[in-house]
Amino acid sequence: MSALLQSVPAMILMTGALVALSGALLGTFLVLRGQSMASDAISHAIVLGIVLAWFVTGARSGPLAVGGAALAGLASVLGAQALARTRLMAQDAALGLVFPAMFALGVLLINLNARNLHLDIDTVLLGEIGFVWLETKTLLGLELPAAAVTLGVVAMLNAGFITLFWKELKLASFDPGLASAFGFRPGLIGAVLLALTSATAVAAFDAVGVVLFMAFLIVPPVTGLLLSRRLWAMLAIAVGSGLFSVGAGYALAIRWDVSIGGMMAVATGAGLVVALVAAPRSGLVAALIRRRLLRDEERLNTLLIHLASHSDTPDRAEECTEAAFVEHLHWTRDDARAVILSGLDRGLIRRDGALFSLTEAGAARAGMLMRAHDRRRALPPDTR
Amino acid sequence: MSFDISHTLVTVAMAAALIGALAGVLGSFLVLRGQSLLGDVISHAALPGVVGGFLIAGGRSFAAILLGALAAGALAGLSVQGLRRVAGVKPDAALGVVLSLFFAAGVVLYSLAQARPGAAGVEVFLYGQAASVLRTDLPLMAGVALAVLAVIAALWKEFQFVSFDPQGARAAGLPVDALETALSVLVAIAIVLGLALAGVVLMVAMLIAPAVAARQWVDRLAPMVILAALFGAGSGVVGAALSAMGDGVATGPVMVLAATVVVALSLVLAPGRGALAQALARVTARRRLQRRQVLDALRGLSVEHGNPGHRSEEAMIDTYLGASARPVLERLEGEGLIRRDVHGPDRRPHWALTARGQQAAEGRE
C-alpha cells in the first residue's frame with residue numbers, strides 16, 4: 001500500500017484528485033451564485049499574496065503563507081466590489097481593473113526578486129504537477145508530496161464547511177433575500193466561500209498553476225448544472241467529472257508527452273461536451289427530440305385541417321387519400337404514413353378503404369385549430 | 001552600444017504608443033457595453049493560437065502568430081455566445097469555461113512547443129517582452145492599427161448608436177448583430193496586436209484601465225475615446241521604457257501598473273466624478289445647508305419677538321443646528337449678514353441679523 005502511494009504516478013494522481021475535489025465542491029456554489037469570474041480574479045490576485053507572504057514570513061508554504069496569500073485573493077474580489085459601489089465604473093470593469101493590477105505587481109516583484117524567491121513566473125501561470133514528488137513530507141509514516149498534504153488539509157476544510165453550512169449555502173445561493181430574512185448572513189457566507197476559494201487556489205497553484213485551477217473550479221460544476229437540477233446531484237456530477245478528468249488527462253499527457261496539468265484541465269472539457277450533447281433540458285439531443293415532436297404534432301394538425309376542409313367537397317375522393325397527402329402537402333411517402341399512423345393511433349382519423357375522414361375527436365380538434373387560426377387572422381395587422 | 005539602446009528604445013516606444021492608443025480606443029467601447037471581461041477571455045484564449053501559429057510556422061513568424069491568435073480569439077468569442085444562447089449557460093460561467101479551457105489547451109500546446117528550437121519566441125507572449133518587438137514588425141503593426149482605426153472612424157455613428165442603445169439601433173434598422181460582431185473582431189485584433197508587449201494575461205488591463213480613467217474626466221464618447229487613446233499610449237510608452245531599462249523585467253506588468261496609476265489619479269482628481277471633487281461638493285452642500293438653517297433660525301426668532309433686529313443667544317442657535325454653530329456664524333459675520341452683539345450683564349454672545357441679513361433670510365439676496 002505504502003509502496004503504491006509513493007510511486008510517482010500515484011503522487012501525481014492523488015494531488016490532481018485533491019485539486020479536482022476541492023474545485024468541484026467550491027466551484028458548484030460559485031457558479032450557482034454567478035461568481036465564476038470572481039475565481040478568475042482570485043486565481044490571479046493570489047500571486048501578489050504569495051510574494052507578499054514570502055516577504056513577511058520568509059516561507060512559501062505552510063499555513064501562514066497560504067492564509068496570507070489567500071487574503072490577497074479575497075481582497076481582490078471585495079476591493080472590486082467596493083470600487084463598483086462608488087458607481088464610478090461597472091462591476092465587471094472594476095474586477096478587470098483590480099486583478100490585473102495585483103497580478104502585475106506580483107509578477108514584477110517576482111521578476112525583481114527572482115534570485116531569492118525561487119519562483120519562476122512561468123510556473124505561477126502554468127504549474128507543473130509532474131514535479132510534485134520533488135518536495136515531500138512524511139505523514140503517518142508515508143512519504144507524501146508536500147502539495148498534496150496542503151491540498152488535503154484545504155480539501156477537508158472545504159468539505160467541512162459545505163457539510164456544516166449545507167442549508168445556509170443552498171439558500172444563500174438560490175435566494176439571498178430569503179436567506180438574510182432568516183438571519184443566515186448570505187454576505188458572510190459568500191465571503192467565507194471566496195476566502196476558501198483563495199486558500200485552495202494558493203494550495204493548488206504549485207501543482208496546476210493559477211489559470212488551470214480555474215478550469216477545475218468552473219467547468220465540472222457547469223457540467224453538473226447542465227445535467228441536473230438537484231444540488232446534491234450537481235455536486236456529485238462535478239466531483240465525478242473532475243476526478244475523471246484527472247485520470248484521463250494524466251493518461252493522455254503521458255501518451256502524448258505534454259503538460260500533465262494542462263491535459264487534466266483540457267480533459268474537464270470532455271465532460272462538458274458530453275453534457276452539452278446529452279443534457280436532459282438544454283442538450284443537443286433533447287433539443288432534437290423536442291423539435292421532432294413539435295414537427296410531428298404540426299404535421300398531424302396540417303392533416304386534420306386538410307381533411308376538415310375537404311370533408312364535404314366534391315373532390316373529397318381525390319383529396320382525402322394518401323396519394324394526395326404526398327402530392328399536395330409535399331410529404332414523403334414515409335412521412336405521410338407516420339402521420340397517418342399517429343392520427344389513427346390517437347383516434348383522430350379513420351380509414352374507409354383508401355379514403356380518410358375525421359373522427360368526432362379529430363373534427364373537434366380541427367375546428368379548434370381553425371378557429372385559433374381565424375382569430376389570429378382577424379386581428380389588425382400591427383398587433384398580430 | 002548606446003546607439004543600439006536608443007534605437008531599440010525608439011522602436012519599443014513607438015510600438016507601445018501604438019498598442020496603448022489602439023487598446024484605449026477599443027476598450028472604451030468594451031467598457032461602455034459592459035463587456036470588460038470578454039476582453040480578458042479573448043486575450044487568455046489567444047494563447048493556443050499564439051503557440052499554434054508558432055508550431056505551424058515552425059518559428060517566430062509575427063504574422064503567423066497574429067493570425068493564430070486572432071483565430072483562437074474569434075473562436076473563443078463564438079464559443080461564449082454559443083454556450084449562452086444554445087446551451088443556456090449563465091454569462092459569467094460561459095466566460096469562465098471558455099477562458100480556462102482555451103488557456104489549458106494553450107498550456108498543452110506550449111509544452112509541445114518547448115521541445116522545439118526557438119521556443120523562447122513563444123514565452124514572451126505570456127507576460128510580454130518589449131525587446132521582442134523588432135523594427136521589422138512595426139510596419140505590419142502600424143498598418144493593422146491604422147486599418148482598425150479607419151473602420152471605427154467610418155462606422156463611428158453606427159458603433160455609437162449600438163453601444164448606447166442597441167434596441168433603438170435595431171428599431172432604426174441597423175444591422176446590430178453584424179455591428180456587434182464587427183466590434184468584437186476589432187477588439188480581438190487590438191488584443192492580438194498587443195500580446196507581444198503586454199502578454200496574454202495582462203492585455204485586458206490595457207483595454208479597461210485607459211477607458212475607465214478617461215470616463216472619469218469626460219461625459220461624451222468622442223472625447224472619451226481620444227483621452228483613452230492618449231492615456232493608453234502614455235502608459236504604454238512609460239511601461240515599455242521602464243521595462244526596457246530594467247534587466248529581465250517583463251513589459252506587460254509595468255505597462256499595466258502605469259495604466260493603473262493613471263486610473264487611480266483619475267478616480268481621485270477628475271472634476272465632477274473624482275473623489276476630491278465629490279468630497280468638495282459634499283462640504284459645499286453641507287455649508288450651504290447650515291448657512292440656510294442658521295439664517296432661518298435667526299429670522300424665526302426675530303419674527304417670534306416682533307423685532308427684526310432681535311438678538312438671539314448663540315446656545316439657542318446651536319440647538320437649532322444640532323451642533324456648534326460657531327464656524328457657520330463666523331462665516332455669516334464675514335459676509336456681513338449678521339453681527340455679534342455682547343452687552344449688558346449677560347456676557348454670553350448674542351447674534352442679530354443685519355439689514356442685508358434680513359433680506360437674505362427672506363430669500364431676497
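Modeller: Helices (H or I, at least four residues) and strands (E, at least two) are DSSP runs, numbered from the N terminus. This is a predicted model, in which local features need pLDDT of at least 70, side-chain atom pairs count only at pLDDT 80 or more, and totals for chains, interfaces and linings use all residues. Residues are numbered from 1 along each chain as its sequence is written, while chains are lettered from A and ligands numbered from 1 in the order in which they are written.

Biologist: How many helices and strands has chain A?

Modeller: The C-alpha atoms of chain A fill a box of roughly 100 × 55 × 40 Å, taken along the principal axes. Within chain A, the count is 18 helices and 4 strands.

Biologist: Which element of chain B has the highest mean pLDDT?

Modeller: pLDDT is the predictor's confidence in each residue, from 0 to 100. Chain B has a mean pLDDT of 86. Among the elements of chain B, the lowest mean, 74, belongs to helix α5 (residues 120-127), and the highest, 93, to helix α10 (residues 203-217).

Biologist: How far apart do the C-alpha centres of domain 1 of chain B and domain 2 of chain B lie?

Modeller: Domain bounds come from an automatic or database domain assignment. In chain B they give domain 1 (2-268) and domain 2 (277-361). The C-alpha centres of these two domains of chain B are separated by 59 Å.

Biologist: What radius of gyration has chain A?

Modeller: The radius of gyration is taken over C-alpha atoms, and the globule rule is 2.2 Å times the number of residues to the power 0.38. For a compact globule of 384 residues the value would be near 21 Å, but chain A has 30 Å.
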